[in-house]
Amino acid sequence: MTHPFAHRATHLALLLAAGLILLIPDRLPAQASAAITSPENFLGFTPGDDFRLADTGTILAYFRLLDRQSPRLQLQRLGQSTQGRTLWMAVISSPENLARQDDLIQLQAQLSDPRGLVSTQARRLMHDARSVVCITCSIHPIEIGSSQMSMNLAYRLVAENSEEIKTILDNVVLLLVPTQNPDGLDAVVEWYKKYRDTPFAGGPLPFLDHPYSGHDINRDWVHLTQKETRLTVEKLFNVWRPHVHFDLHQMGYTGPRMFLPPYRDPHDENIPSLLQAQASAIGMAIGAAMTAEGLAGVAHNVHFDAFASSRAYVFYHGGIRLLGEIASARLATSLAITPDELKGDEEFVPRQRSWRQPLPWGGGTWRFGDVVEYAQASSLALLRLAARDRDEWQQTRWQVQSEAVREGDDREVFVLPPRQFDPLALHELLSLLQLGQVEIYRAEEKVTVSGTLYPEGSYIVPVAQPYGAWARTLLQTRLYIPGGTGADQPYDVSSYNLAQGLGVKVIEGSGEIFGKIERIVKLKPPAGGVNDASQRGGFFLDYRSQAANKVINRLLAAGIPVYWLRETQRTTREVWPPGSCWIVTDSVRLLHDLAQIYNVTFVAGRLASPQPAWRLKTPRIGLYTSYLAEVDEGWTRFVLDMNDFKYDRLINPTLQRGDLRRQYDVIILPSQSLGELREGAPAGRLPDLFSGGIGESGSAELRRFVEGGGTLIALNRACALPLQWELPVRDVTAALGQQELFVPGAFLRATFQPGHPLGYGMPTDLNLFFHDSPAFVVESGEAALIYPNERLLQDGYARGEGHLTGRAALAWVARGAGHVELIGFRPQFRAQTRGTFKVLFNGLYLSTASETDCP
C-alpha cells in the first residue's frame with residue numbers, strides 16, 4: 001500500500017490562496033545555529049524514532065542545556081509533582097521579549113480587565129502586547145508523543161534563524177510544558193523499556209498513569225485537587241493569561257489521524273460566543289496548514305464536545321482551550337492498520353472525504369514518528385497563526401473581556417448565605433472561586449437582591465466581572481441539553497456544579513444590590529478554637545464539618561476516646577444533632593493545636609446523664625486494587641489519604657489467599673463492573689503476573705470475611721459482586737436498558753432515614769452523584785437513603801429517573817456476623833463530591849464501632 005505521505009509535495013500549495021497559512025515550513029530547520037545541541041546529538045536518537053523514549057529527567061536535562069545555550073529559552077520551575085518530581089515550563093520567545101516578561105505579564109492583566117481603560121489606552125497596550133500561547137504535553141503519559149515532540153519543537157525555535165522563526169519569536173511568547181504529568185511519564189517509560197520487545201509494550205497498563213487520578217487528571221481544572229493542575233493554574237494560567245492553551249492528547253488508532261476543533265455540540269453556553277467561533281476558526285486553519293503539508297486524516301467536529309468546564313479553564317478566562325487529539329501508536333511501537341480497521345459513526349467515516357476531513361487517511365503503517373510529526377506540525381501552525389494574527393488576538397481578548405464586565409439589564413448575581421450546613425465547605429467553594437480569579441464581595445450590612453433580604457455576612461458574586469463566566473458555569477443550576485445526532489451521551493459527564501458537589505447553598509438572583517458590600521481581598525477560614533475549656537466533662541465537636549474526619553482520626557491515633565452521640569443533645573448555646581462527636585480528654589493543648597490546623601471548634605460541656613452512643617475505633621482498612629487500573633480506586637486512595645485514613649492495598653492474590661478477617665475490619669471495593677472484578681484482564685492482554693481478577697476464590701473469601709464479622713463497602717458498580725451472594729437486596733436498574741434509564745453523571749436528590757448512622761454529618765436531604773449506578777429494593781436490611789417521588793434531577797441530564805422513586809441509593813445489610821454497605825452512587829467521585837464523602841467514612845467507622853453509653 002502506498003503510504004499516505006508519499007505524495008505530500010502535491011499538497012504544499014493547497015489553500016495558500018485562501019490565506020489560511022502564512023508560510024510553508026521547511027521540513028528541516030533552516031539556518032540552524034551550530035552552537036545549539038540538537039535532540040539527536042543529546043539523546044543519541046531523534047524523538048519519534050521507533051522504540052526510543054526519553055523520561056522526565058532526560059527531557060528536563062535537555063531543556064536545561066538549551067537554557068544555557070540559547071537566549072531564546074528560559075526554564076522556569078512551577079513546583080513539585082505528586083511524587084516530588086520537578087514540574088516546570090520553558091518560556092520561549094525573542095531575547096527582547098524574555099527581558100521584559102514582567103511587562104508582558106502586566107499587559108496581559110490590564111487587557112483582561114478593561115474597567116478603567118479607555119479605547120486609546122487599550123490600543124496602545126495591544127500594540128505593546130504579544131500573543132501568548134501555552135502548549136501542554138502528555139498530561140496523560142500513555143499519550144506520550146507530545147512530550148517527546150517538545151524537544152524537537154524547542155530546538156527548532158531556539159536554533160533556527162529563518163525569517164519565519166524570527167517572526168514567531170518576535171510576536172509570540174510560548175509557554176511550553178513538556179511533561180505536565182512527570183510521575184506518570186516516568187512510570188510509562190519504565191514499563192515500555194521493560195516490555196518493549198513483547199506484545200505488552202503498548203499497554204494497557206496495570207497501573208494508573210497518574211498516582212491518584214489516572215486519566216481523570218485533566219478533569220481536575222475546577223477543584224484543583226492534584227498538584228499538577230493546581231500549579232498549572234496558579235503559576236501559569238493565572239500569571240500569563242494565555243490567549244490559547246493547546247492541550248495535546250492522543251486517542252485510539254482506528255479513527256482519524258488527528259482531531260482539531262470545531263468541537264461537536266453541545267458547547268457550554270457560558271463560553272463567550274466569540275471564543276467559540278475563534279476556536280473553530282483556529283482549529284480549521286491549523287487543519288488547513290496540515291492538509292497543505294500532506295498530513296492526511298486531520299478531522300474536525302468529531303467525538304469531542306466543549307461542554308465540560310472541568311477540562312477547559314482557559315475558555316472562561318478570556319482565552320481558548322484548543323484540543324488536539326492524535327491517533328496513537330503502541331507507545332513508541334508502530335502499528336499496521338488496514339482500511340477495514342478504520343471505524344467511524346453515522347456522521348463520520350474515516351476513509352471518506354468530507355467537510356470534516358478534506359484529506360482522508362486510508363490505512364497503512366502508523367509510526368510513533370507520525371504521532372510526533374503531527375504534534376509538531378500542528379504546534380508550529382498554531383505559532384504561525386499567533387504571530388500573523390497578533391493584533392486580531394489582542395482585539396478579541398479586549399472585546400470578550402469588555403463584554404464580560406458590561407452589566408446587562410438583568411445584572412445577574414449569585415448570593416451565598418453565611419449560615420451553611422458546613423461553613424468549611426462554603427470557605428472551600430469561595431476559595432476555589434477566588435483561585436479562579438473570581439471577585440467575591442461580602443455584605444457589610446443587610447442587603448437586598450431581587451427583592452429578597454439577605455443577612456450581613458452574605459457573600460455576593462456578580463457575574464459582570466472579568467471572569468464572571470467561570471462563576472456562572474460553576475454555580476448556575478442547569479440541565480444538560482444534548483447536541484446533535486446521538487449526542488445525548490456527553491463526552492464526559494453532564495454536571496460539573498461546584499455548589500452541588502460541596503453541598504453549599506447558592507441563590508441565583510438579578511437586579512441592583514441594595515446595601516453596602518465590600519470586595520474580599522483575602523478570604524479567612526472559619527475560626528477554630530476551644531470554648532469554655534474550664535467548664536467541662538468532655539468536648540463536643542460538630543461532625544458536619546468537612547474537617548471532622550481528619551480530627552477524629554488524629555484523636556483516635558492518639559488514644560483519645562471519641563463517641564458518636566445517637567440522640568440530640570441541647571446545651572446552653574447549641575443543639576447537637578445525632579452523630580455529633582463527644583470527646584473525653586484532658587489534652588486541651590492537643591485540641592487547641594487541632595483547632596488551629598483544621599479550623600474546627602471544640603465546645604466544652606457536660607452530659608446530664610450517660611447517653612447512648614457509638615464508641616469509635618480506628619478501623620483496619622483494606623482497599624482492593626485491580627490490575628485493570630480502575631481510576632475510582634485512585635480517587636478513593638486520594639480521598640482516604642487527604643482525610644488521614646490508613647489502609648492497605650489488596651491485590652488478587654491477597655484476597656484469594658484468605659484469612660482476611662484476622663487482618664482487616666473493613667474492605668472497600670471501588671466502582672468496577674462485575675465482570676472486571678471477577679475476571680480482570682483476560683489472558684494475553686497483560687503479562688501473566690497481572691492477568692485475571694479475584695475469581696470465584698476471591699469472591700468466596702470476601703463472603704467469608706463478611707460472615708466472620710467484617711464489613712464490605714461496595715461502591716457503585718461494585719455492588720454487583722455482593723449481590724451475587726443472594727443478599728435480600730435487588731438492583732432495579734439491572735433490568736432497565738439505556739432507553740428506559742439513562743443518567744450520564746448528574747446530581748439527584750435523595751433523603752436519609754432519620755437518625756441512621758450512615759447519614760451522620762450530612763443533611764437529611766442531599767444531592768448525590770449518580771453515574772452508571774444501581775438502585776435497590778431492600779427486602780431485609782436497612783434502606784438508609786431513599787429517592788423521593790418528585791424533583792429527583794437537580795443538575796445535569798437524566799432520562800427515566802422515575803424508575804428510581806422509592807428505591808434505595810444506600811443499603812446496610814447484615815450477613816452472618818458482618819455487614820455489607822451498598823453505596824449505589826459515586827460518593828467520592830473524582831474527589832469532587834465532598835458533600836457525600838461521609839457516606840464512605842461512616843461505613844468505615846461503623847465497621848469497628850460499638851454501641852455503648854457515653855461516660
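**Cavities, sheets and loops**

Me: Which residues lie nearest the centre of the largest cavity?
Reply: This is a predicted model, where local features need pLDDT of at least 70 and side-chain atom pairs count only at pLDDT 80 or more, while totals for chains, interfaces and linings use all residues. Residues are numbered from 1 along each chain as its sequence is written, and side-chain values use heavy atoms, leaving out hydrogens and water. A cavity is a set of points, on a 1 Å grid over the protein atoms alone, where a 1.4 Å probe fits but cannot get out, and its lining residues have an atom within 4 Å of a point. The largest cavity has a lining of 15 residues, and the ones nearest its centre are His 223, Ser 495, Tyr 496, Asn 497 and Gln 832.

Me: What is the volume of the largest cavity?
Reply: Searching the whole structure turns up seven cavities of 30 Å³ or more. Volume here is the space filled by probe spheres set on the grid points, which are joined across faces, edges and corners. For the largest cavity, that comes to about 110 Å³.

Me: How many residues in the lining of the largest cavity are charged?
Reply: Asp, Glu, Lys and Arg count as charged; Ala, Val, Leu, Ile, Met, Phe, Trp, Tyr, Cys and Pro are nonpolar, and the others, Gly among them, polar. The lining has six nonpolar and seven polar residues, and the charged ones number two.

Me: Which side chain makes a polar contact with the side chain of Gln 546?
Reply: Gln 546 sits in the loop between strand E22 (538-541) and helix H16 (548-557); helices (H or I, at least four residues) and strands (E, at least two) are DSSP runs numbered from the N terminus. Beyond its neighbours within four places in sequence, Gln 546 is in contact (heavy atoms within 4.5 Å) with residues including Asp 422, Leu 502 and Arg 834. A polar contact is a pair of N or O atoms within 3.5 Å, where within protein one must be able to donate a hydrogen and the other to accept it, and residues adjacent in sequence count only if both atoms are side-chain atoms. At 3.5 Å, the partner is Glu 428.

Me: What is the bridge partner of Phe 414 in E17?
Reply: Strands E13 (413-416) and E17 (459-462) run antiparallel to each other and pair over four bridges. In E17, Phe 414 is partnered by Val 461.

Me: At what angle does helix H17 run to E21?
Reply: E21 belongs to an open seven-stranded sheet of mixed pairing, ordered E21-E27-E22-E26-E23-E28-E41. Angles run from 0 to 180 degrees between N-to-C directions, using lines fitted to C-alpha atoms, for helices over the stretch in contact. H17 (588-598) lies across E21, E22 and E27 (601-605), and its angle to E21 is about 130°.

Me: Where is Pro 266?
Reply: The peptide bond from Asp 265 to Pro 266 is cis, with omega near 5°. Pro 266 has its place in strand E7 (264-267).

Me: What is the phi of Asp 772?
Reply: Asp 772 is in the loop between strands E35 (765-771) and E36 (776-778). Although Asp 772 is not a glycine, its phi is positive, at about 55°.

Conventions. On a 1 Å grid over the protein atoms alone, a cavity is a set of points where a 1.4 Å probe fits but cannot get out, and a pocket is an open set with protein on both sides within 12 Å along at least five of seven lines; lining residues have an atom within 4 Å of a point. Two strands pair if DSSP finds at least two bridges between them.
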